[in-house]
Amino acid sequence: MESMIVNKNSITRSEYDVLIVGAGPAGCSAAFSLPEDINTLIIDRLQFPRSKVCGGVLIEKSWKFLRRTGLDIPESVFAEPGEMPMKITDMDNNFQVDVKRTFYNVKRNSFDEWLWKNCTENSNFSQLTVMEKFEKAKDGFLSTIKTPNGRKTVRSTHIVDATGAHSFTKTASGMRIPVLVAYQEWIKGSRQEHFGTIYSSETDGYYVWTIPKDGFTVVGTAFRPERVKEKISNFRKTVKSLGFKSMPERFESAIILRPCKDDIMFTDGGIMLAGESAGLIGPNTGEGISFALRSGEICAKVIERCTENPCHEYSESCMGLMKEIAEKGKIPVFDGNADGNSSSFGGTLKMNADRIK
Ligand SMILES: Cc1cc2nc3c(=O)[nH]c(=O)nc-3n(C[C@H](O)[C@H](O)[C@H](O)COP(=O)(O)OP(=O)(O)OC[C@H]3O[C@@H](n4cnc5c(N)ncnc54)[C@H](O)[C@@H]3O)c2cc1C
């Protein structure tokens with residue numbers, strides 16, 4: 001894998017079967033799931049390999065998905081510890097639950113780089129290339145993309161929008177995108193071997209994650225996007241009260257989607273949306289990688305089948321993912337009988353009752 005050479009600006013034609021916009025997990029999964037004889041161009045506005053703010057925790061579904069598709073995550077992509085159990089803490093009720101499931105711990109940038117190198121095996125890739133506008137054309141679309149060498153017009157039969165929380169399709173159709181500001185700190189030293197999720201009424205309605213990673217602990221949460229500076233300063237106090245006394249070596253923030261049911265949309269005007277762009281991310285967990293990988297693959301399979309109405313088929317095929325998102329709209333309610341099985345996550349806290357229904 002290390003020796004793979006990637007041409008970072010390779011647009012060899014003006015017509016493609018598929019134009020994939022965004023080379024995160026959703027776009028890469030769509031690209032590597034498409035057969036070689038389908039001409040595919042994948043573009044991304046960032047320079048690659050890219051850097052993505054993330055906790056880098058993979059649930060078992062992501063790991064299993066990659067194994068099934070013949071992609072074994074290389075050792076070099078895992079952080080230390082590579083596998084972790086989860087511990088859920090309810091600070092208000094002074095309650096802890098051990099979850100007997102395995103979570104995989106990766107260096108997110110290495111993970112993305114590895115995915116991207118795999119997807120460029122059978123597609124053209126162009127970095128620093130932005131989707132500017134698109135219009136319907138006979139048998140597909142005409143898109144204007146801005147590359148480092150100037151603007152180009154690309155004709156394609158399909159467009160896959162895999163542009164994450166900033167979906168260009170949703171932006172173009174003026175949709176409200178419900179986002180939170182995620183913030184995390186890297187604190188030197190790690191005193192835990194587990195992935196910690198902490199619930200407290202002192203946070204802004206989101207849980208706090210603590211992740212041991214290569215000699216650091218990554219501690220983060222997400223805020224509603226108002227008075228963010230003040231909330232970060234309060235969060236620093238929470239972090240200290242959790243026992244992380246030293247100053248962070250670095251801190252980072254990024255936008256994260258918190259979708260309601262109406263924000264989930266798989267197609268718009270003939271464009272297929274995959275991953276976070278479609279609204280596929282756990283509203284209360286922030287877990288988005290498994291959804292990105294799986295929706296990207298579903299999209300590719302529908303395109304490959306050349307059906308009459310690919311958008312309809314794609315939406316139908318994603319209903320299972322939609323149900324999972326609704327499940328993830330629930331967050332743990334501690335009933336004192338928790339045994340670490342999923343059955344102990346019975347209900348939905350009142351503050352989320354108006355979200356996924
Ligand atoms: C702080 C934080 C922690 C997280 N932790 C976890 C975690 O531990 N586990 C987990 O599963 N998920 C986590 N997530 C969520 C996860 O990162 C995302 O859900 C996942 O990356 C979504 O993948 P994607 O491919 O849909 O989009 P992205 O990874 O966001 O990729 C979208 C790509 O599209 C490109 N793009 C955007 N607009 C354009 C345009 N107009 N033209 C060209 N390119 C464009 C962007 O440059 C980007 O590279 C976290 C998110 C945050 C913010």
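Strands are DSSP runs (E) of at least two residues, numbered from the N terminus. The model is a predicted one.

**Cis peptide bonds**

Most peptide bonds are trans. A cis bond links Phe-48 to Pro-49, with omega about 0 degrees. Pro-49 sits in the loop that runs between β2 (40-43) and β3 (57-58). Another cis bond links Glu-80 to Pro-81, with omega about -5 degrees. Pro-81 is placed in strand β4, which spans residues 78-90.

**Positive phi**

Most residues other than glycine have a negative phi. Asn-94, not a glycine, has a positive phi of about 55 degrees. Its place is the loop between β4 and β5 (95-106). Asp-139, also a residue other than glycine, has a positive phi near 55 degrees. The loop between β7 (130-137) and β8 (140-147) holds Asp-139.

| Residue | Phi | Loop |
|---|---|---|
| Asn-94 | about 55 degrees | between β4 and β5 (95-106) |

Are Asn-94 and Asp-139 buried or exposed? Asn-94 is exposed because 8 other C-beta atoms lie within 10 Å. Asp-139 has 8 C-beta neighbours inside 10 Å and therefore counts as exposed.

Methods:
Residues are numbered from 1 along each chain as its sequence is written. This is a predicted model: local features need pLDDT of at least 70, side-chain atom pairs count only at pLDDT 80 or more; totals for chains, interfaces and linings use all residues. Helices (H or I, at least four residues) and strands (E, at least two) are DSSP runs, numbered from the N terminus. A residue is buried if 20 or more other C-beta atoms lie within 10 Å of its own, exposed if 12 or fewer, and partly exposed in between; C-beta atoms are placed from the backbone.
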